[in-house]
There are 4 protein chains.
Amino acid sequence: MQELRLATRWNDFDALGHLNHAVYHVYCDEARDAALRATVGDFDAWPNVVVHASVDYRREIGLGTREVVIRTRITEVGRSSVRFEHDIADGAAEATVVLVAWDPDTRRSRPITDSERDSLLASPVVAP
Amino acid sequence: MQELRLATRWNDFDALGHLNHAVYHVYCDEARDAALRATVGDFDAWPNVVVHASVDYRREIGLGTREVVIRTRITEVGRSSVRFEHDIADGAAEATVVLVAWDPDTRRSRPITDSERDSLLASPVVAP
Amino acid sequence: MQELRLATRWNDFDALGHLNHAVYHVYCDEARDAALRATVGDFDAWPNVVVHASVDYRREIGLGTREVVIRTRITEVGRSSVRFEHDIADGAAEATVVLVAWDPDTRRSRPITDSERDSLLASPVVAP
Amino acid sequence: MQELRLATRWNDFDALGHLNHAVYHVYCDEARDAALRATVGDFDAWPNVVVHASVDYRREIGLGTREVVIRTRITEVGRSSVRFEHDIADGAAEATVVLVAWDPDTRRSRPITDSERDSLLASPVVAP
């Protein structure tokens, strides 16, 4: 499990005075990047794209909240995909996101190599 | 079924030269607003918040795409929730989003009235 | 003078219930792209970057505003730069933006050719 | 002079692989909020809106840049306005922004009180 502490920004909040639902996806992006940097490398070294995202919103995150903690776990490494679970702000929301290793030349997903898989699975980000 | 034609913006696209995954949520927001305006009214008249969103991304939407068509259906009206299905750009992505009728004073969900339910279910946005 | 009618989006508005000041820049971007498309071509054909932007905000644009009209004029074509003036929402704001023709290979500005200059100056976008 | 170290986010960068010009305004917002928090208080205590913003962009901030430092000075306190100068990423850009103390009830600017002015002028954020 990995923890990322993110500074909110004024325009992350919408006219209802709470964190806009689309912004949770932006935050989780940063959390996954941090998790991947700790294993297979940064985005340049390990390009990827999101193929699935699902979020349950349980509680508002109000205007004035200056930091949000994202807890991230890798829960599955597939043929070309990695599944992440995110907890946002102690249960304010929960997200499941699947990304695929991506080849920028073909603009397609590519298989994850054995060494990458080992790296991902040996990571402290892996559950539990 | 309702169709919304949305103009993209330069900064909807990210450094991979395709529509950023978080932006799909922004587009679907506009599509739901348009669908609700055609039934129970605009956001002022019928405030609501998203409680669940799930997207499957099947195909990139490349830089240079100037318009995206969102097709929207209401597939379920619950006690306080409405479920929407969105098709983004002819199958480039598919989204399921659940929102709840929201009371800005209590900042909580509230039951959907019978008249609102009738309105929502009589709408041409309702499937099929 | 060119007129672009832009659809606002829910999250263009911030917690004060008005159009966020940074979003005006996003709108003017779209207006300049439209103006350039009508003369030297789209962004692919004529890449450019902003080197100066100045905005005076005179009046709020309130939540619920569904369209904003941007009026755009080209007021100067320099060696490598083009100066634009934007009127946003009938005087709600006024912007001056300077961009430069940009070479993506060298990542530097480049001189505007005579034929490009003629094209820009013959454009109906040119003042008055 | 005050220094704010801001974490960038993936979608702050656009399809040219550099920090999008509109995002500089978002960063400077955070820097001004931090500066005001150190003097007259947070946004709730001291609501304000931007009335002028001017930026000169001198150098790209490339994709992969993970932190940006904003240096902020208050250079003038007027009747209802405060003028800020920002240096972004060691000269990559320079911004001048004027905001006004704002009354959320009347939705208008209001005079800065003597005690607020003293507070602002006694601040370490004040130049030089």
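## Basis of the model

Local features of this predicted model need pLDDT of at least 70, side-chain atom pairs count only at pLDDT 80 or more, and totals for chains, interfaces and linings use all residues. Residues are numbered from 1 along each chain as its sequence is written, chains are lettered from A in the order in which they are written, and side-chain values use heavy atoms, without hydrogens and water.

The axes of helix 1 (residues 21-37) of chain C and helix 1 of chain D come within 8 Å and cross at roughly 170 degrees. Helices are DSSP runs of H or I with at least four residues, and strands are runs of E with at least two, numbered from the N terminus. Axes are lines fitted to C-alpha atoms, for helices over the stretch in contact, with angles from 0 to 180 degrees between N-to-C directions. The two helices are therefore roughly antiparallel to each other (an angle over 145 degrees).

## Chains B and D

The contact (heavy atoms within 4.5 Å) takes 9 residues from chain B and 9 residues from chain D. Chain B and chain D bury about 690 Å² between them, 64% of it on carbon and sulfur atoms; buried area is the accessible area (1.4 Å probe) lost on putting two parts together, summed over both. In chain B, B:Trp10, B:Asp14 and B:Ala15 lose the most area to chain D, together 61% of what that side buries.

## A loop residue in chain D

D:Ala45 lies in the loop between helix 1 (21-37) and strand 2 (48-57) of chain D. D:Ala45 is exposed, with a relative accessible area of 53% (exposed means over 50%, with a 1.4 Å probe and protein chains only).

Methods: Buried means under 20% relative accessible area, exposed over 50%, partly exposed in between (1.4 Å probe, protein chains only). Angles under 35 degrees count as roughly parallel, over 145 as roughly antiparallel, 65 to 115 as roughly perpendicular and the rest as oblique.
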